Amino acid sequence: MLVLTRKLEESLLLGGEIRITVLGVNGDKVRLGIDAPRTVKVLRGETVDQTRDANRLSASSGMNLAAIFKDAAQAMEAPRVETPKEEKQD
Amino acid sequence: MIIETHRFGRPPITPDHIISFGEGLHGFEQLKRYAIILCEATEPIQWLQAVDDPTVSLPIINPFLIKPDYELDVDDAELHSIGTPSVEEILIVNAMVLPEKIREATVNLSAPVLINLRSKQGRQIVMEYSQANAIRYPAFEALAAYYREQEARKPEKKEQADVSINQKT
């Protein structure tokens, strides 16, 4: 990994078309400005990491389909049971 | 052709069922070929099955069923990468997480999967997440509403069946 130190308002150029400028530093937060062509997708690193985790979780879920749809069937019944149990109060 | 799957055994797949994902899916970058398995038992949830790994299949759903006002942010370069489909040619599906407690089912609205039905190319788009397009957007209420709607349609058939029984007696 290339490591560079930049000061406030200094910038980095990536590939000639992408400029990243340090706009502000406040404690552990750094504000960055990014100038890039519209075709370059800019995403927070954790967004991509979370998408990866979500896909893996998705692929490992729903293994017990029978249980899931039995559960769904019960859930379907649930909203119909709206009569409050007041008989016990007597 | 025959593909092996852990969830569905050996579903019949023809080559034109196969969708190629040039970049794979995030977390499964090495798997480039998928098929959509339409499973009646899990309607309206379908499955994105990796052709080259029996263990990888993601439950998917039409996001507009869960969130009718769902909005996607897709740029031209991303559409170009799947052959610039027309509106009619795009299929949009989103991966779900289906825990054993179906009430906790979620759909990932921040990373829709776009499929060009004409060219059979697919790509997962990653959008910056927001409250509206959450990674774990609750899906149960909309699913339950769908199931209730399906249930509500059944009694019509049942009445018809009763009539025929009465006619017999």
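Predicted model: local features only at pLDDT ≥ 70, side-chain atom pairs only at ≥ 80, totals over all residues.
**Exercise 1.** Work out which strands of the three-stranded sheet in chain A stand at the edges.

*Solution.* Start with the layout: the sheet is open, its order is β1-β2-β3 (chain A), and the pairing is antiparallel. Now look at partners. β1 (11-14) and β3 (29-35) of chain A each have a single partner strand, so one side of each has no neighbour in the sheet, and these two are the edges. From one strand to the next, the twist averages 25°. For a closer look at one pairing, take β2 (residues 18-26) of chain A, which is joined to β3(A) by seven bridges. Across from I20(A) you'll find I34(A) in β3(A).

**Exercise 2.** Find the residues with the most contacts inside the largest nonpolar core, then list what I60(B) touches beyond its sequence neighbours.

*Solution.* The core has 39 residues, and I60(B), M96(B) and A139(B) have the most contacts inside it. Several elements supply at least two residues each, including α1 (45-59) of chain A and α3 (140-168) of chain B. The top contributor is β5(B), with four residues. Now zoom in on I60(B): skipping neighbours within four places in sequence, its contacts are Q46(B), W47(B), L48(B), V93(B), N94(B), A95(B), M96(B) and V113(B).

**Exercise 3.** Decide whether E78(B) is buried, partly exposed or exposed.

*Solution.* First place the residue: E78(B) sits in helix α2 (residues 76-80) of chain B. Next, count: 17 C-beta neighbours fall inside 10 Å, so E78(B) is partly exposed. Finally, check its surroundings. Leaving out neighbours within four places in sequence, E78(B) contacts R123(B) and I125(B).

Note on methods. Residues numbered from 1 in each chain as written. Chains lettered and ligands numbered in written order. Pairing = 2+ DSSP bridges. Axes fitted to C-alpha atoms, helices over the stretch in contact; angles between N-to-C directions. Core = buried A, V, L, I, M, F, W, Y, C linked by C-beta atoms within 7 Å. Buried ≥ 20, exposed ≤ 12 C-beta atoms within 10 Å, placed from the backbone. Contact = placed C-beta atoms within 7 Å.
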